[in-house]
Structure formats: C-alpha cells, structure tokens
Amino acid sequence: MTTRAAAGTATAKATDTDTHCPYCALQCGMTLRPSPGAAGGLEVVARTAFPVNQGALCGKGQTAPEVLSATARLTQPLVRDAASGDLVPASWDEALDRVAAGLARARERYGPDAVGVFGGGGLTNEKAYTLGKFTRLVLGSSQIDYNGRFCMSSAAAAGTKAFGVDRGLPFPLADIPKTGCVILVGSNLAETMPPVLRYFTELKENGGRLIVVDPRRTRTAEQADLHLAPRPGTDLALALGLLHLVVAEGRTDEAFIAARTTGWEQARAAAMAHWPELVERITGVPVPKLRETVRMFCEPDAAMVLTARGPEQQSKGTDTVGAWINLCLATGRAGRPLSGYGCLTGQGNGQGGREHGQKADQLPGYRMLADAAAREHVAGVWGVDPDSLPGPGRSAYELLDALGRDTPDGVRALLLMASNPVVSAPRAAHVAERMRALDFLAVCDVVLSESAAMADVVLPVTQWAEETGTMTNLEGRVLLRRKAVEPPAGCRSDLAVLHDLASRLGWEKGFPTDPEEVFDELRRASAGGKADYSGITYRRVAEEDGVFWPCPEVAAPPPEEVNDDPSNDHSPAQHPGTPRLFLDRFATPDGRARFAPVTHRPSAEEPTPEYPLLLTTGRVLSQYQSGAQTRRVASLNAAAPGPFVQLHPRLAERLGAAEGDRLAVTSRRGRAVAPARISADIRPDTVFMPFHWPGEGRANTLTNPALDPTSRMPEFKVCAVRVELAAD
C-alpha cells in the first residue's frame, strides 16, 4: 500500500482494482489499472465478469478517473475570509473548528432543530448511515433529508403501500430479457444508463415487446415496438385508462386478485371512471394505441412495468405509480417469476441512501422513526435512550425552504454533503436565496460546486476510487467499491470529517472512520428491519459480486447439534440473499398486495393564456445530475456543452425561431435562456430542457416545488411556461 500522496497529487496502487462506477444506480463493474500518464493516474479496464454490465460502460464511466485529477477537484479546506469575503485556503484544524463552532452556535441560540443536514444519493451506505446517526445524536436535530427525495420517493411510497417494502427492482436485471413485455414509463435509459439498454435489446431478440411511455421520442423510444407520447402530467390517467380496458376486455386475473391482493373493488371502480375516449382527451394518446398496449401487455404469460422519474416527479407521483402497480396486480403480473413492477433508481446509491437513516423519517434498515420498536432497536445499537432520538423532520424541499428564516422553526446553520441544490432543486433561484440567508453553511464535496462556492467553510473529501465502501444498486444488490488510489494529502473521508466534528462537539466515541467497522454496526442496526443487511459482510460482497437484501444473519446451531467432524467448521449456514422478492408472499402483515384506489387529477400547474406551454426536464447522455463532476471532464463537456430548449417545428414556426436562436422560457418562478433545438420528436404543446447547468440556462429556475402529499416529491416534470425569442 502506498503512503498518502503529496498535496494535489494522487498515487495509484501497484495492482489492478475491481470496483464500480461512481455515477448511476447500475453501479457498473469496472477495473482500475494504474497508468501514470492517464488523468487521475488510472485507466478504466472492462470488467466483463461482473453480471450487471458485463464490461460495458458509458462515456461517463470510461472517463470517471479524470475527476480524480487535482485540476478538477478540491485539495485543501477553504474558509470565508471576513475582510475580503473570498474563500481562502485554511488548515484542517481551523476549518473543522469553524464548522463545529458554527453548528454549535446555531444549536445553542435557537435549539437543535435550527441545525440542518442535507445529504446525497451518491454517499456510500456507511456514510449515509453515519450522517443520520451524527445528525440525531451529536446535533440532536430532526432536520435531515437528502437529494434522493427528488429521485425515487414517489415510487418508494407507492411500493411500500402496495407491497409492504420498497426495493427499486424486486428482481435482477437479468430477468428482463426473459419476460414477454415491458412497459417502460418515463425513462430515457439509452441516455441515462446506456449499459442497461442491452437487456431490452435481448428482450426483443427473444420475441418480447417493449412499450415506451414518454412525451418525447427519445433514443429509448426509438427502440420500442410501441411508443405512447402522453401530455406531461397525465401518466396517471393513462394507467387508469389501460386498467379500464383490462377490465372491459376481461383480461383480469381473478384467481390472483382473490388469493394475493386486497382493495380490488375500490381500485376497479376508480379505473372504470376513466373510459378510453376520456383518457385520449386527457393524455393525447389515441384509443387504438391504448388497446394495442393492453393486448401487448396481457397476451404473454409474463410482463413487467418499470417506471422512472417521468411519472414519479409529479405532485401526484405516488398515486401515478400506484396506478401502474394496479395494472400489474389486476393482470397477475406481480409476485410471479419474470413479472412485476419495478422502479429504475437513478443515483449511485439512491437505493441504499434511503434505507439507512439520512431520510427525514427513517432509521437504519428502512425502519420508521415514528415506530417505537424501531427507535428502541436502533437506540440499543447506538447505546442511547430511545426517547433521546428526535422525531421525523422536514422533507428535502421543505428543509431547503426553511433555511435562514427568522422564525421559531427556521434552520440557521446547514451541513451540506454530496449535493448541489442550487442547480438540482426545484425553484432553484429561491433555494439559492435561502442558502444565502443562512447564518452558517458548511459543505463537504469533491469539487467546488455552485453550492460549495456559497459556503462559509468547504471541506475537500475523498471520492469513489480513493476510499472503500458499499453501495446498493437499483436491483437491491449490495456492492463493494474498493480503494484504488491514495487521495491528495489535503483530502479526508466524509467518515473522518464526521468523526472529527463529533469529537469537537462532545462525542469522543461512536463515530469510527474505518468503513468496514461502520458497516458492521450498520448490519446490527438493520437486523430485523425491512432492509436487513445483517447477513451481509465485506467478504461475501466481494466473493459473490454483491448480495441482495434482505439477507438476515443466520443463527449458529445449538451446541448439541455441532459434531466433532473435522470437516464441520461449526459456522452457521449463510442466508443466500434475496434476488427475487414476493414470489411466496408480499411484505405486508397479511402477505397480500394492496391496490391503490386512485383517480386522475390535474397537475399543480396547467397551461393558461399567460403560460400556454408545458415544460418537462431531464438528462442528456454526457452529463450527470447537477453536472458538478461531469462538467469538469473535457470530452463530456464537448459532447454536451450547455443547456438547450427542445421544441416542435410548429411551435418554432409560430415563435419565428430558427435552430440555435436564443429562447427565453419563463414560468411563475423565473426565467431561463438557452438555444433552440428544433425537433419533431417532442409534442407541439411541450418544451424540454436538461437540468445539468447553472447560470442563465438553469432549468430548475423554472420548475415547480408543488409537493406530492405522500412522498413530498416536487413536480419537476411538468410546469406551465411561455417561450419567446430572447432579446440579444
């Protein structure tokens, strides 16, 4: 093992390291090979034996080591100079002292809930777990949430209601090519997670059918046997209309409904109020396409529905996902081999990040803070009184909206870790305004993001290839990211930061810096919970290419059952993990899935004469999330250098706009300007903007923070706008 590198440099180990990509929830396997001439000192080599991607990587994964370069990242702490107002270099002791003092000052003056913590879906399981523990024990605050709330929370809420547990995919990706039909709702996976597209290609090669639901004809939709292009915000009506036709055509599985579900009569009645012609008027999808969708979905013996951010990032996202789950339950396409509903989780650890305590209402193991038994169990692991744990806090946007407010429940100080909300949050200009109003802001990040640039203290932390830790991919497969390179001398791990802050705030013990030690504690805290990791170890994860949760620890046999056979190592049998959920029963108290009695309702904003168009947002192939990392990679920036406004030729003609003209898009919250990209691949009543960039083209300046009443998901995917030529 090499020693820690000098400031601003990174030193690779002498051997190849099998690990995983730092970006999306596929967590593609890769091998990092020392290469002194390469950016970051590492070369990415295909890891063909890893089952999820079998060596395939997108451009982001192939260029991931470039962010390790000293020119792309932070290498020393920064503090705000009182005289100049600039961020200037500082020692770690000075920076940590300032952070501890800023957090303590807010807590002492205004109470523990005046201190907030905002985490990220890219944090390892160990970091997410420790961040939640730090917030609730050291700070005594309930005010913690994370940017994953903006990704999968509606699917998580709907899945929990229906099935009793939320795991993105209840089956491995390898099952997709073997099913008969997939309805893919609101996902452009050809650009957001390209290596997974091969599963859908294999599906079609095997005779299966792919139906894509998206307002745009994306690269993914081009692969479909059938493309449905509903008006943004009408996915709920679409799902209800399909269920209406299933009932009307006699395609329900009455035996499955009777044996394995509850609530069918109410859900059926709700669906029957959404007849095909009404659904066509609401969605714009012609009735013949609705009927063809039902036929393609119901004719094979097995089928799946997979959703992503399209139907989920709505103020009715939970109900929308519930309606798609209803379609699976009514046709017997759930809880059976090669069938079911699944969510395509987005962020690298979006799954694990919501399981182990950095979400406002949860404790490790997917336990709920409001559950007395859950509090008692976790408090026992932590060695504290259950009554000392704070209750549930605010959701992500509500937390950001409370920043800097001079009110009894205002948040005066914030610790921000692995997130860039001034680009990624809805109503982003307002979020930036709230962050500027804080008494104190500390940021832990790899790069000087737009949010970090606003901080009073910036702490440079290690990143994926410079540390070891576990991630949980979209299948529920717990994986091991291995350290491949020593970080620059000026960087420390997030675990070390939390340890040092805890020590300064009076907690000398309980916050280890070794990730495996943290994981072993996480295992105990999760034991018996819905997301039970207690039977998972670093060794198993490494040897088995990941272990699917739930995986409880199996008790050792009683002494009388242990014989003296030397071949018996006296160790307990291992639980194999659970690649496929619900085959015997659902995770509800009675083992039955719950139908959702939902009806369509309009989006929070509908078009008006002043705002006659709909805006929807999303990602592009060469950028990721807020772009804080990918915008620092030259080849990715060259492929996607900036924002744009995609609009239909008829709309462009009406506006007098030509390709490349600067367009101003205005909503009730603000204005964004970007060049026109004219395409017949989008509906004439809709415009699209990617959200990866700050500045005048920041799409999230426009988006609506109207919240789903259950998941507290903001309505990123639809808001009313007007579009006009921008003045020079």
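Modeller: Y366 counts as buried, at 6% relative accessibility, where buried means under 20% relative accessible area, exposed means over 50% and partly exposed lies in between, computed with a 1.4 Å probe on protein chains only. This is a predicted model, in which local features need pLDDT of at least 70 and side-chain atom pairs count only at pLDDT 80 or more, while totals for chains, interfaces and linings use all residues. Residues are numbered from 1 along each chain as its sequence is written, and side-chain values use heavy atoms, with hydrogens and water left out.

Y366 sits in the loop between β15 (362–363) and β16 (367–368); helices here are DSSP runs of H or I with at least four residues, strands are runs of E with at least two, and both are numbered from the N terminus. The phi angle of Y366 is near 60°, a positive value in a residue other than glycine. L338 likewise has a positive phi, near 65°, and lies in the loop between α13 (317–330) and β14 (340–343), but L338 is partly exposed, with a relative accessible area of 25%. One further backbone detail is the cis peptide bond from W549 to P550, with omega near 0°; P550 is placed in the loop between β23 (547–548) and β24 (593–594).

Turning to the interior, nonpolar side chains in soluble globular proteins tend to be buried together. A nonpolar core is here a set of buried Ala, Val, Leu, Ile, Met, Phe, Trp, Tyr and Cys residues joined through side-chain atoms within 4.5 Å. The largest such core has 83 residues, of which L26, F134, L173, F200, L306 and L459 touch the most other members. Helix α2 (residues 92–110) gives the most to this core, with eight residues. A second, separate core holds 80 residues, including A155, L243, V285 and W382.

Apart from residues up to four places away in sequence, F134 touches L139, L415, L498, L501, A502, L505 and F511, contact being heavy atoms within 4.5 Å. A104 is placed in helix α2 and is buried, with a relative accessible area of 12%; A104 and F134 are 30 residues apart in sequence and 13 Å apart in space, C-alpha to C-alpha.

Now to the helices themselves. Two packed helices are described by the angle between their axes and the distance between the axes; each axis is a line fitted to C-alpha atoms, for helices over the stretch in contact, and angles run from 0 to 180 degrees between N-to-C directions. The axes of α3 (residues 125–139) and α19 (residues 494–504) come within 10 Å and cross at roughly 15°, and α3 and α19 are therefore roughly parallel to each other, given that angles under 35 degrees count as roughly parallel, over 145 as roughly antiparallel, 65 to 115 as roughly perpendicular and the rest as oblique. The crossing of α3 and α19 is left-handed, a term used if the near helix is turned anticlockwise from the far one by less than a right angle, with right-handed used if clockwise. In this pair, E126, K127, T130, L131, F134 and V138 of α3 meet D494, L495, L498, L501 and A502 of α19.

Helix α2 also packs against α19, their axes coming within 10 Å and crossing at roughly 60°, so α2 and α19 are oblique to each other. This crossing of α2 and α19 is right-handed, and W92, D93, L96, D97, V99 and A100 in α2 meet V497, D500, L501 and R504 in α19.

As for cysteines, a search of the whole structure finds zero disulfides, a disulfide being a pair of cysteine sulfur atoms within 2.5 Å. The closest cysteine sulfur to that of C298 is in C181, 8.9 Å away and too far for a bond, and C298 is buried at 12% relative accessibility. C491 is in no disulfide either, with the nearest cysteine sulfur, that of C444, 12 Å away; C491 is buried at 0% relative accessibility.
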